[in-house]
Amino acid sequence: MAFKRSAAVISQQEKLAARSNLNVIDFFDPALASQPPYFTLKHGAAGFAKSDKKPTTTPQEDAIYSSIQIGDDAYFKRHDALGVADGVGGWRKHTGANPALYARKLMHYAQLELDRIDNNKRPSHVQQDQPDPVMVLENAYHLTSLDAQNEARSTTACIVMLCQDELRVANLGDCGVSIIRRDDYVFRSEEQQHSFNFPYQLGTASFDYPSDAQQFSIKIEEGDIVIVASDGLFDNLFDDEILEEVQNCIQEYEQGDGKNGNGGGGTDSAVATATTVPQLISNALAIRARLVSEDPSNPSSPFQCRAMHEGMYYQGGKADDISVLVAVVNRDDRPREHSPPPLP
């Protein structure tokens, strides 16, 4: 009897010891938190200068500035950021003014600032994993102002940046951003206007600053379609017309190379889709917007609706430069490593 009792005591002690050795999971441990996915932008771009506008770029400017100029518009595109600026054409009435070059400089220095952030050549208070498009716009505006001290000019601007699963937006003026997910809009920016056809702008005689830009942070998903464009697109095409072109391009790709041609299937097909579809969409949107902008008898346009709302008679589209950047959000399972900080 005593033997059984002692065996029971030993068994109970073994159970207690085993329980004491159980692993305890701390569900509040930051190391156990799931990390947000990383994404990259597969992009395309297209655009047209206003029909009566002569080319203003020079080989010297092309050698200096990395941004692309279309009429008075300018843009840049990267795997993690897009930007567009629209130089205010009214400055052309002033001798020596070059709003196109000013917009191009702003986008060039914005791209340069993003390169500095990538390479850790940035102010110490700026965290590399917390990029801020307003800060990028501020630094680009400062450098552009130094580069164009003796020029009368101004421009609107829009910059979007990827930060893991967020798209961060700084928009000043009447450029715009739209995000389409599964055939529907999940985001659409609004214009910043002081009055009709008088957008917020950076430059000569303007009291607007980068800090006045609209700021947004949007959660994105794989397959989202991001459209960044100058007002030449949004003044001439309604949102449903833009969506229609996006749907038509995707359908065209799926019925063509996406299934029967080079698309094939698997990883190669996904890569082909990501690089081809954005260019198809940007081409289609730019062409359709140009057709409306050059047709004074077009039944209606967003610019016409706004003009009539202001009590003005206006018919057709708005003749303007058109710049369209389109990106498809792709998942990146191996996030790009940042460069080491520069040596002191």
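Student: Why is E166 called buried?

Tutor: This is a predicted model, and the call rests on a computed value. E166 has 18% relative accessibility. Buried means under 20%. So E166 counts as buried.

Student: Where is E166, and what is E166 in contact with beyond its neighbours within four places in sequence?

Tutor: E166 sits in strand β6. Leaving those neighbours aside, the contacts of E166 are M161, S217, I218, K219 and I220.

Student: What makes the link between the side chains of E166 and R168 a polar contact?

Tutor: The distance is 3.1 Å. The cut-off for such a pair of N or O atoms is within 3.5 Å. The pair therefore qualifies as a polar contact.

Student: Why is Q164 called partly exposed?

Tutor: Its relative accessibility is 25%. Buried needs under 20%, and exposed needs over 50%. Q164 falls in between, so the label is partly exposed.

Student: Which loop holds Q164, and what is its phi?

Tutor: Q164 is in the loop between β5 (154–163) and β6 (166–172). Its phi is near 55°, a positive value in a residue other than glycine. Most residues other than glycine have a negative phi.

Student: How do you know that R182 is exposed?

Tutor: R182 has a relative accessible area of 66%. Exposed means over 50%. R182 is therefore exposed.

Student: Where does R182 lie, and what is its phi?

Tutor: R182 lies in the loop between β7 (176–180) and β8 (185–188). The phi of R182 is near 50°, and R182 is a residue other than glycine with a positive value.

Technical notes
Residues are numbered from 1 along each chain as its sequence is written. This is a predicted model: local features need pLDDT of at least 70, side-chain atom pairs count only at pLDDT 80 or more; totals for chains, interfaces and linings use all residues. Side-chain values use heavy atoms; hydrogens and water are left out. Helices (H or I, at least four residues) and strands (E, at least two) are DSSP runs, numbered from the N terminus. Buried means under 20% relative accessible area, exposed over 50%, partly exposed in between (1.4 Å probe, protein chains only). A polar contact is a pair of N or O atoms within 3.5 Å; within protein, one must be able to donate a hydrogen and the other to accept it, and residues adjacent in sequence count only if both atoms are side-chain atoms. Contact means heavy atoms within 4.5 Å.
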